Amino acid sequence: MLNSKNKTHKRFKILIAGFAVLALLLFLTIANWTRIQLGYKGYPAQERKILLSLSDDEIKEYLDYDKVIDLSKWNAFPNEKHYLDYDLLVSSNKNTEEIISYVDTFYKKDYKDLSALGYQKENLRFLMQKLSLSEFQIVIQNKLTWEQINPYFAVQGYIVKDFPAYIKSKKSPKDAVMQISYRMIDTRNKADRKYAIKDPSHITTLIKKGFYIPESYVPENLVEVNIPNAPDNTNSQMRKDAADALENMYKDAQKQELHLVINSAYRSYEEQKKIYDEYFRIYDSVTASKLVAIPGCSEHQLGLSVDLTSQNVLDGTYSLFGNTPEYQWVINHAHEYGFILRYPKDKTNITGTANEPWHFRYVGKKAAREMYEKNLTLEEYTLKHGFSYPVTLLE
């Protein structure tokens, strides 16, 4: 009987010890749960130690983030441990040191003021993808709230320093941006700004004085246009979409016994500069600026424009393309193929370019039809619809 009691007592002591071990393991697990989670996420011991020095809310962000951040990349430089924010900016044009400087300066200088204005962290992270530090100061100094500025980010070409004017205008976001920041698209308004179009591949890209594309830009898919060329023409390439449309227009004109000829199509920046310099050598600056586009502002560099003539001009039957039956047919039918007469005689005050009855621009059938039916220039069309491609202000 005594032996049985001893066995029971021994089992009880083992059970108590087992519970104690389990309790200890549970305690250690709870106490180190965050460390365990970070390890399971994929962070090595040394990086777990760094992250555990952050606040609970910050650690949760790292656990919820969709990838493991390489802290060593950022720790190669002095930093304030805003690793997640650094990582969110890796796709920007900034290098590693610039990203660290930008983010750390933002948190030291702007974060508190913006939080006081009601900005949530997700709002601020969105803005950090969009704004420079000086642009954050515009927001702070003008006490602009997230609700006030957020709608303008949906509009291509917004300019942060114009935000107060947008808000004051009470116009729709698109109209505010176009009518305040880009009113000089209409040449009747003074042009006091310059803009950069880094990717000019969109078919409705507006290019004119004040709107610059990169000197190095060469359109993709340049092809020879398979229609006759003027004897002295050395520029018979266009983008394939424009070339195909022009070939179709040429074939349909032929059915009417009308014979179109290319006088000039794609021109590189260097070729445009040679022409520009020659015009300024021959004419005064005012006249020359109306007759030839500034290099970097020429539609011909887009690969979407063509200067047309006709066989009866080459034969001497007519002296000017604008007087030919071909011209009359083209201005009435070009939109059916996606082309517009780019610089019409009655809109020179808007385009800022002298009448060029030979210069046609490919913009696609939809846009061309609207411009033809509503008698709009590309300037007026752009002001109406806004940009469908990124435009940035050149400081």
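Reply: Accessible areas come from the Shrake-Rupley method with a 1.4 Å probe, and for residues only the protein chains shown count as cover. This chain exposes about 21800 Å², with carbon and sulfur atoms supplying 52% of it. This is a predicted model: local features need pLDDT of at least 70, side-chain atom pairs count only at pLDDT 80 or more, and totals for chains, interfaces and linings use all residues. Residues are numbered from 1 along each chain as its sequence is written, and side-chain values use heavy atoms, leaving out hydrogens and water.

Me: How much of the chain is buried?

Reply: Buried means under 20% relative accessible area, exposed over 50%, and partly exposed in between (1.4 Å probe, protein chains only). Here 42% of the 395 residues count as buried.

Me: How many helices and strands does the chain have?

Reply: Helices (H or I, at least four residues) and strands (E, at least two) are DSSP runs, numbered from the N terminus. This chain has 21 helices and nine strands.

Me: And how do I read a sheet?

Reply: Strands of a sheet pair through backbone hydrogen bonds, either parallel or antiparallel. Two strands count as paired if DSSP finds at least two bridges between them. Strand β1 (residues 194-196) pairs with β9 in the antiparallel sense over three bridges, and K194 stands opposite L394 in β9.
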